[in-house]
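This briefing covers selected side-chain and helix contacts in one protein structure. The notes after the display are grouped by topic.

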Amino acid sequence: MNNGALNRPSRPLSISSRATPVGDLHSASSGDTTIADGDVEMDGTGASHGGRGRNVSLGNHELAATDPEDAMQVLAQDSRQLIRAVQKLKELNIDATLPSLPTFVVVGDQSAGKSSIIEAVCDITVPRDQGTCTRCPFQITTSSATGFEEEWICRVKLHITHAYNPNAPRVGKNSPEYDRWTKQQTMDVLDFAVIREKDQLGDLLRRAQLAILNPHQPPQEFLYGSPSATTKLGFSPNIVSLQIEGLGLPEVSFVDLPGAINVHEDGEDYLVAFVEKLIKTYLRDPKTLVLLACSADQDVENSTAFRYVSQCKALPRCIGVLTKPDLVGAKRHRLLQRILRGDVFKLRDHNAWYVTKQLAQEDLEAGATRREARDVEDRFFAADPWATTLAPFSERFGTAKLQLAVSRELKQHILREIPDLAARVEARIDAVSTQLRAFPELSKSASHTVTIEYQALVKTVEAHLRGDGLNNQFRIGYKKLLTGLRNELKSRRLVVKLGTPGYIMQCISLDSDEDGEDDDATPVQSPDETPSKKRKINDGGRFARTPQAARIFASQTPGSGRADRRPKPVENDKLVLDLDRLSEMYTHGSTSGLPGQFNPKVTEDIILRSQVGWEAVVRDTLVSIRNHLAAMLAQVHGESLAARHRTLLYGAAAEAITTFFTALWDESYERILHLLACEKHKPITYTAISAQIDEVKSKLRHDRLSARINEHNDTLESKGSKIKLPLTEAERLKQRADLESKLRTDDYGRVISAVASALAYYDLASDQLVDGLAKQLEYGLLFAVERGLGERLRTALRATEEGYCAYLLEQDAEVEAQRMRLLAEGERLGRALRELNGLGVIGRVV
């Protein structure tokens, strides 16, 4: 673009007496559709306003507005409500929230005549003088005036969607971003100027484009005087918006994009890529219809714009316009036929190519009227070859035919898209509502709000502590930890090895099948024994393997010879004693002068030694319970006050809960350790446990006899004796009784009876310890939290002090701004949905 060719206005621009100073131009919010008081009204003196029945000045030529086929009347006059609805959505800035509103974009190579098409279709003038071109998107919107005070008005705004940073690195070819441009979260709308005469429009748009191309200068600097011909940037993604209102004008929107280029005139190749990305960004939008301008005297396949449309898969959404038909020679007539017939360069269908003839620039400068332009076009298409060879396609010749096609396509396109658009608006409303629910409601009374917040938190904690309803996960975990403590203490009970000390399993030679063995039985060899004979035994219908005595009496205890063959690791603090060691302890611990008397102190010592590991187990369990309870409190705090996450209330409540819980825990922890110390001090019980002692004693004697029987039978078997297998339960019991009478004498009988007291007391003491610990936790901790948390929060949060509560509820500035943005967006979306529902076409089949 030759910036030096930008023409200054033919006469000075004057500000009307009602205008506001330029310095009052300001940036409006993206959703603001009201023209600010600071809009600059650029009125020409002595010129008539444009309107029906008058000749209006448009640049250097006049257009007769009395033409019944006037572009502004023909275009979408029967679909005004649909198009206006889309325009209102744009005014509400819905396209920033829900991109892809139905619209038209115009693309073409530089000098392909697309600006002439826009002028003819929309009845406006865009900068297209010799040496000038479009350097940024122009969004052109027309709508019908709502009153009779002003017959024609044009508001020019700058839509700033991107910020320019000259120091930013260039992005890759496939990046959706533009080199040195950063997309803003919200669109800024800058009110640039307001004019009421058409002849001012061309010059004003040049000035608006200069303001866009110089982002670091105030836009108002380009309104008056001679604007600088030097631009900071070659192109920009920011938009110059024209909002034109006039009596009886239809609602329509076009986006005029920069012309596609292959080579930049100044050798700035990166600008070529920039323009390509800009055009393709619009073309890829599936809701956008495309108007493609191609010069008829050039090969379409060589058109850069056509290539972009094809690459973006926009051909099915495209209407083509062949311009400059007067430059077509006779040799290209057959190619034109093929294009118009849809044989080559097919677009949406075979009727998608149109042909228009616009006046040359010199004709416009000579003052040709629009009526004259259309007459010239009609005469042109009435001549050969258009009225002869190409006559079958005459329904697509001329600007008026193109206007009707665009009107029809835009109407149908909007009608098709409205149901989907309404659904997307509803989905976005739901999303915004969900996000807003994460923000706290503002209350007139801060004290009341804080009270409600902490009481809700306390109520939830109480539900978890009690395990009410579905809030039972804490109780499930808590009970599991206490049950685990009980099982762990049981597992550390004194182990008495009941096998005869010094007994060694006898070796058994493996003969052939002389004993009538079952060939299907498979011998099993223990890692530390020699192979024994395999034997099938009936033990309740199950099969076992030799040595047979190992399972005859089905009572393998940790002290039997069989059980010791595969020893399991034993914890260092777990007491394991064999019969010799027990006998030694009781014998050496006796202080009586009478023979055979056992000292009760030995039993107490055995009990205390078996409790050595209790403290470590209890401490580990308490740590787990503390973490479990602390995690529940943290979860409830986070969920209950999630909406207050960015306020001081959130942290103050967390600190109060932590302090309160820590104090209670320390007290309970010390009490439990004291309870444990009391237990380990001395075995004491006033509970009658003689029955428990007798039960343990009976069990020990039974297991001791089973071990001796196994040893006896193994010895006989090793000497070659055959042992008759019991076949029934009665036979098994009789055989056991016979062996018991033979093994009546046992040197360890008194020791076994003595140690039964230690084992019975251990069982009682471990159960009592778990019960005492649970009671202390239940009352001293859980109930104390339930009873005192509310009062602690009320005091710590100073819930009765209005000023302090207001301080706690202060929102983070960024969070509050986000909340306000969501509220504003929700309001705009609601208005948009009402607008769409008011059309009455939701679900209508086109």
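**Helix packing, aromatic pairs and a buried loop residue**

In H15, Leu579, Leu582, Ser583 and Tyr586 meet Val751, Ile752, Ala754 and Val755 of H21. Sorted by class, this contact of H15 with H21 holds seven nonpolar residues, one polar residue and no charged residues. The model is predicted.

**Geometry of the two helices**

- Helix H15 covers residues 579–588 and helix H21 covers residues 749–796; the two pack at an angle of about 80 degrees, and their axes are 10 Å apart.
- Because an angle of 65 to 115 degrees counts as roughly perpendicular, H15 is described as roughly perpendicular to H21.

**Aromatic pairs**

- Across the whole structure, a search finds 15 aromatic pairs.
- In the pair of phenylalanine 380 and tryptophan 386, the ring centres are 5.7 Å apart and the planes lie at 40 degrees, so this pair is tilted.
- Phenylalanine 380 and tryptophan 386 are both buried.
- One aromatic cluster is formed by Phe380, Phe381, Trp386 and Phe397.
- For phenylalanine 474 and tyrosine 478, the ring centres are 5.9 Å apart with the planes at 15 degrees, so the pair is stacked; the cut-off for stacked is under 30 degrees.
- Helix H13 (residues 473–491) contains both phenylalanine 474 and tyrosine 478, which are four residues apart, about one turn of the helix.
- Phenylalanine 474 and tyrosine 478 are both buried.

**Charges over rings**

- Arginine 135 has its charged end over the ring of phenylalanine 235, at 4.9 Å from the ring centre.
- Arginine 798 places its charged end over the ring of tyrosine 804, at 3.8 Å from the ring centre.

**Leucine 641**

- Leucine 641 lies in the loop between helix H17 (614–640) and helix H18 (648–681).
- Is leucine 641 buried or exposed? Its relative accessibility is 2%, so leucine 641 counts as buried, the cut-off for buried being under 20%.
- Leaving aside residues up to four places away in sequence, leucine 641 touches Glu453, Leu457, Leu649, Tyr650 and Ala653.
- Leucine 641 and tyrosine 454 are 187 residues apart in sequence, while their C-alpha to C-alpha separation in space is 8.5 Å.

Key. Residues numbered from 1 in each chain as written. Predicted model: local features only at pLDDT ≥ 70, side-chain atom pairs only at ≥ 80, totals over all residues. Heavy atoms only, no water. Phe/Tyr/Trp six-rings, centres within 6.5 Å; stacked < 30°, edge-to-face > 60°. Buried < 20%, exposed > 50% of the residue type's maximum accessible area, 1.4 Å probe, protein only. Lys NZ or Arg CZ within 6 Å of the ring centre and 35° of its normal. Axes fitted to C-alpha atoms, helices over the stretch in contact; angles between N-to-C directions. Parallel < 35°, antiparallel > 145°, perpendicular 65-115°, else oblique. Contact = heavy atoms within 4.5 Å. Nonpolar A, V, L, I, M, F, W, Y, C, P; charged D, E, K, R; others polar.
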